[in-house]
Amino acid sequence: MHELHDRGYIILPSLLSADEVDALRFAADALAESGAAIIDEAHAPDVPKMLFGAHLVHDTFARLPRHPYVLHLVEQALGGAVHVFQSRLNAKSGFSGSGWAWHQDFNQWHRFDGMRTPRAAIVGVFLDDVNACNGPLMMIPRSQRRGHIFVPDMMDIPPDVVAEAANEHGIVPLMGPPGTVIVFDCLIIHGSAPNVSPWPRRIFYMNFVPAAACDLEARRPRFECDPIPVPLTALAENCLVAP
């Protein structure tokens with residue numbers, strides 16, 4: 001966990017197997033009929049941008065945060081039992097997927113969900129190959145050390161703050177094959193460019209807090225934020241592909 005605490009993120013290429021990725025892709029294709037909350041691209045109303053709450057409505061995605069490879073990583077990062085309070089599938093479809101402005105996830109949860117303590121970790125699982133052409137997630141290493149950059153009325157961090165952090169620490173694109181897992185601090189500055197390639201860039205994100213220190217408030221629907229902590233227990237290593 002030294003890299004996570006030092007740089008603010010870790011990347012583990014191909015942590016999940018091809019069979020596990022296939023199971024997640026199959027589940028992702030079924031989400032439109034599962035009751036997950038779908039937000040479409042503003043410029044393309046029939047193209048999904050994000051799907052919230054898949055872990056609440058689809059069994060495969062409910063098992064993913066309890067996969068021992070995922071769960072033990074987050075337990076180490078946060079120092080004990082954890083609760084997944086939000087999940088979202090970022091679709092970023094080929095030719096249509098929009099980008100994300102530079103931001104800290106904690107600021108969003110502070111604004112919308114009353115989170116007071118920036119002690120949370122985000123896990124992302126690549127469902128597709130993420131490359132230089134299809135809008136990879138970009139991190140500013142060590143930018144979490146700046147603490148909370150409070151932006152009261154929007155997601156975007158001011159450009160001068162981003163420029164200062166980037167000039168000091170650089171920008172790193174997180175790329176890898178399907179099954180790659182990333183873990184990052186809720187205070188790290190990150191963003192991504194639009195996907196102008198023909199290749200999709202689906203990443204499934206799970207947001208975790210310590211189960212014993214959850215300070216979220218019930219301001220939004222449960223599929224956007226589940227504030228009642230439920231400590232997770234690990235399943236078997238084959239939990240995504242077991243018959």
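1. A word on terms before we start: a residue is called buried when its relative accessible area is under 20%, and exposed when that value is over 50%. Please also keep in mind that this is a predicted model.

2. Let's begin with H55, which sits in helix α3 (residues 54-57). Is H55 buried or exposed? Its relative accessible area is 11%, so H55 is buried. The H55 side chain also has a polar partner: a polar contact of 2.7 Å joins it to the side chain of S87. Leaving aside residues up to four places away in sequence, H55 touches F61, A62, V84, Q86 and S87.

3. Next, the aromatic residues, where you will find three aromatic pairs. One of them is F85 with W109, an edge-to-face pair with 4.9 Å from centre to centre and 85° between the planes. This pair links distant parts of the chain, since F85 belongs to strand β4 (residues 82-90) and W109 to helix α6 (residues 105-113), 24 residues apart. F85 is buried because its relative accessibility is 0%, and W109, at 3%, is buried too.

4. Another pair to look at is F184 with Y205: the ring centres are 6.3 Å apart and the planes are at 85°, so this pair is edge-to-face. F184 lies in strand β9 (residues 181-185) and Y205 in strand β11 (residues 203-210), so the pair ties together parts 21 residues apart in sequence. Both F184 and Y205 are buried.

5. Finally, the cavities. The largest cavity holds about 40 Å³ of space. Its lining is made up of M115, T117, R119, V209, P210, A213, C214 and D215, which divide into five nonpolar, one polar and two charged residues.

Terms used:
Residues numbered from 1 in each chain as written. Predicted model: local features only at pLDDT ≥ 70, side-chain atom pairs only at ≥ 80, totals over all residues. Heavy atoms only, no water. 1 Å grid on protein atoms, 1.4 Å probe; cavity = no way out; pocket = protein on both sides within 12 Å on 5 of 7 lines; lining within 4 Å. Points joined across faces, edges and corners; volume = space filled by probe spheres on them. Nonpolar A, V, L, I, M, F, W, Y, C, P; charged D, E, K, R; others polar. Helix = DSSP H or I, 4+ residues; strand = E, 2+ residues; numbered from the N terminus. Buried < 20%, exposed > 50% of the residue type's maximum accessible area, 1.4 Å probe, protein only. Polar contact = N/O pair within 3.5 Å; in protein donor to acceptor, adjacent residues only side chain to side chain. Contact = heavy atoms within 4.5 Å. Phe/Tyr/Trp six-rings, centres within 6.5 Å; stacked < 30°, edge-to-face > 60°.
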